[in-house]
Amino acid sequence: MVKERARILVVGGGYVGMYTALRLQKKLKPEIKQGKVEVTVVTPDSYMTYQPFLPEAAAGSISPRHVVVPLRRVLDGCRVVVGEVRSIDHAKRTATFTTLATEDEGAGRQQLAYDELVLAPGSVSRTLPIPGLAEHAIGFKTVEEAIGLRNHVIEQMDIASSTRDPAVRDAALTFVFVGGGYAGVEALAELEDMARYASRYYHNVRPEDMKWILVEASDRILPEVGEEMGRYTVSQLRRRNIDVRLHTRLESCADRTALLSDGARFPTRTVVWTAGVKPNPVVAATDLPLTERGRLKCTAELQIEGTPHAWAAGDAAAVPDVTADTPGTETAPNAQHALRQAKVLAENIARSLHGEPLQTYSHKYVGSVASLGLHKGVAHVYGRKLKGYPAWFMHRVYHLSRVPTFNRKARVLAEWTLSGLFKREIVSLGSLEHPRAEFELAAGGKPPVDSDNDPKGSS
């Protein structure tokens with residue numbers, strides 16, 4: 001039993017936040033029922049997004065609601081607060097946060113006291129001061145962005161099909177993706193596959209009319225799958241008429257024109273930014289120790305260095321990799337480590353409350369898998385390299401086994417089965433992003449978005 005009453009605050013409802021809270025409510029179930037332990041999760045969204053499925057959601061292979069896990073259903077033993085933590089004063093054991101009702105209440109920010117802190121806010125897109133980026137680009141970290149991008153791509157095909165202006169048509173059918181990591185490559189490959197399929201239903205849009213451009217600043221893409229599989233991926237993408245540009249940067253996307261560092265210019269209405277991430281800004285608004293890259297300094301036991309009763313894992317944490325040959329190596333900020341770190345983190349919190357010795361987080365990276373569209377993929381797992389259909393199948397099996405809850409597993413498997421039996425649904429529901437637009441016009445108001453200033457180039 002715990003020595004004294006403990007209030008555990010989990011900041012973030014992503015991989016680490018949800019799995020840590022889920023493990024805690026199982027490990028400390030008797031104490032939670034007796035009121036000796038209270039677990040509170042503060043998260044901006046009431047759901048956890050399984051991000052590896054975002055590319056397939058964008059391509060229409062999985063419904064958006066099956067990519068997310070409702071936290072209140074899963075964490076029935078915890079208190080879930082939908083809000084954003086703005087700052088943390090660990091010396092006083094308090095966190096300042098806002099909720100959806102803060103502005104209406106007019107009472108300002110609220111404070112929450114805690115005894116144990118789990119800081120797992122995740123990451124945000126790492127952007128650069130590129131002209132036009134904030135106005136015209138779209139990211140690929142949330143389910144809303146994935147579905148918005150799918151709607152946008154189909155909408156651009158509609159524009160190209162209906163216009164008589166060659167310049168408008170060319171810009172509508174040019175899609176620029178910046179960043180050659182998992183998010184960029186999988187998103188581009190899945191959407192290109194979807195758009196290629198959709199073109200059969202347009203009388204004047206052919207696959208070869210579309211320009212798909214991948215811009216990567218380094219000398220290779222998908223570094224996680226190894227150099228050989230990275231080269232194979234480049235060759236496969238180029239065989240699909242995708243323009244892969246290595247050692248190239250985006251210099252500007254102002255005026256709906258993508259200007260690259262190699263001098264190329266592409267009129268485009270679509271710029272997708274997937275060039276890396278950085279720790280959530282809330283990490284800097286704490287009195288906790290940070291690394292030079294702005295991540296939380298952690299021990300191998302997932303405690304924040306030199307700070308009792310504070311724990312961290314995931315994208316915002318710099319966790320030492322005890323399996324690495326080189327001293328000072330940190331674990332990669334990816335889902336493979338986040339899932340396993342959450343388990344050890346919850347175990348260590350329970351052990352700490354029970355006065356037991358802590359465990360060391362140790363996991364040797366086993367490899368990676370990536371999807372390149374329907375029946376296409378690459379994998380480098382346990383030293384073995386796979387490509388094509390076997391890699392794609394492994395990608396699906398692995399992520400199906402990792403998506404939380406049996407409910408989600410069954411629904412995703414059912415959708416994959418049905419999509420194999422029937423044709424794809426090629427529909428743009430772009431109006432979902434502005435559902436009141438038609439009513440406001442009917443009521444004599446103005447549309448919420450000016451088409452000339454739409455950040456995603458929507459019509």
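The legends below describe several close-up views of a predicted model of one protein.

Figure 1. The C-alpha atoms of the protein fill a box of roughly 75 × 60 × 45 Å, taken along the principal axes. A compact globule of 459 residues would have a radius of gyration near 23 Å, and because the protein has 23 Å, the value agrees with that expectation. Of the 459 residues, 50% count as buried. Among the contacts with a separation of 6 or more, 66% are between residues 24 or more positions apart in the chain.

**Figure 2. Gly13 in the loop between strand β1 (6-11) and helix α1 (15-27).** Gly13 has 8% relative accessibility and therefore counts as buried, the cut-off for this being under 20%. Although Gly13 and Met48 are 35 residues apart in sequence, their C-alpha atoms are 5.9 Å apart in space. When residues up to four places away in sequence are not counted, Gly13 touches Met18, Thr43, Tyr47, Met48 and Leu71.

**Figure 3. Val80 in strand β5 (residues 79-89).** With a relative accessible area of 12%, Val80 is buried. The C-alpha atom of Val80 is 5.9 Å from that of Thr40, while the two residues are 40 residues apart in sequence. Once the neighbours within four places in sequence are left aside, the residues in contact with Val80 are Val41, Thr43, Leu71, Arg72 and Leu75.

**Figure 4. Helix α9, which runs over residues 182-198.** At 1.5 Å a residue, the 17 residues of helix α9 should span 24 Å, and the C-alpha atoms at its ends are 24 Å apart, which agrees. Because 14 of the 17 residues of α9 are buried, the helix is largely enclosed by the rest of the structure.

**Figure 5. Helix α10 (residues 227-239) and the elements that its buried residues pack against.** The 13 residues of α10 should span 18 Å at 1.5 Å a residue, and the end C-alpha atoms of α10 are 19 Å apart, which agrees. The buried residues of α10 are Met229, Gly230, Tyr232, Thr233, Val234 and Leu237. These buried residues pack against helix α9 and against the strands β12 (211-215), β13 (242-245), β23 (377-381) and β24 (384-387). An α-helix has 3.6 residues a turn, so residues three or four places apart point the same way. Ser235, which also has its place in α10, counts as partly exposed at 33% relative accessibility. Its C-alpha atom is separated by 17 Å from that of Val369, a residue 134 residues apart from Ser235 along the chain. After α10 comes Asn241, whose phi is positive, near 65°.

**Figure 6. His399 in helix α12.** His399 has a relative accessible area of 9% and is buried. Leaving aside neighbours within four places in sequence, His399 is in contact with Tyr50, Pro52, Phe53 and Val369.

**Figure 7. The second largest pocket, which holds about 860 Å³ of space.** The pocket is lined by 31 residues, and those that lie nearest its centre are Gly60, Ser61, Ile62, Glu415 and Ser419. Helices α7 (143-162), α12 (389-402) and α13 (406-421) each supply at least two residues of this lining, and α13 gives the most, with seven residues. By residue type, the lining of the pocket divides into 17 nonpolar, eight polar and six charged residues.

**Figure 8. The second largest cavity, with a volume of about 30 Å³.** The count of cavities of 30 Å³ or more comes to two. The second largest cavity is lined by Arg295, Gly314, Ala317, Thr331, Ala332, Pro333, Asn334, His337, Ala338 and Gln341. Helix α11 (residues 335-354) gives the most to this lining, with three residues. The lining of the second largest cavity divides into four nonpolar, five polar and one charged residue.

Methods:
Residues numbered from 1 in each chain as written. Predicted model: local features only at pLDDT ≥ 70, side-chain atom pairs only at ≥ 80, totals over all residues. Heavy atoms only, no water. Helix = DSSP H or I, 4+ residues; strand = E, 2+ residues; numbered from the N terminus. Expected span 1.5 Å × (residues − 1). Buried < 20%, exposed > 50% of the residue type's maximum accessible area, 1.4 Å probe, protein only. 1 Å grid on protein atoms, 1.4 Å probe; cavity = no way out; pocket = protein on both sides within 12 Å on 5 of 7 lines; lining within 4 Å. Points joined across faces, edges and corners; volume = space filled by probe spheres on them. Nonpolar A, V, L, I, M, F, W, Y, C, P; charged D, E, K, R; others polar. Contact = heavy atoms within 4.5 Å. Rg over C-alpha atoms; globule rule 2.2 N^0.38 Å.
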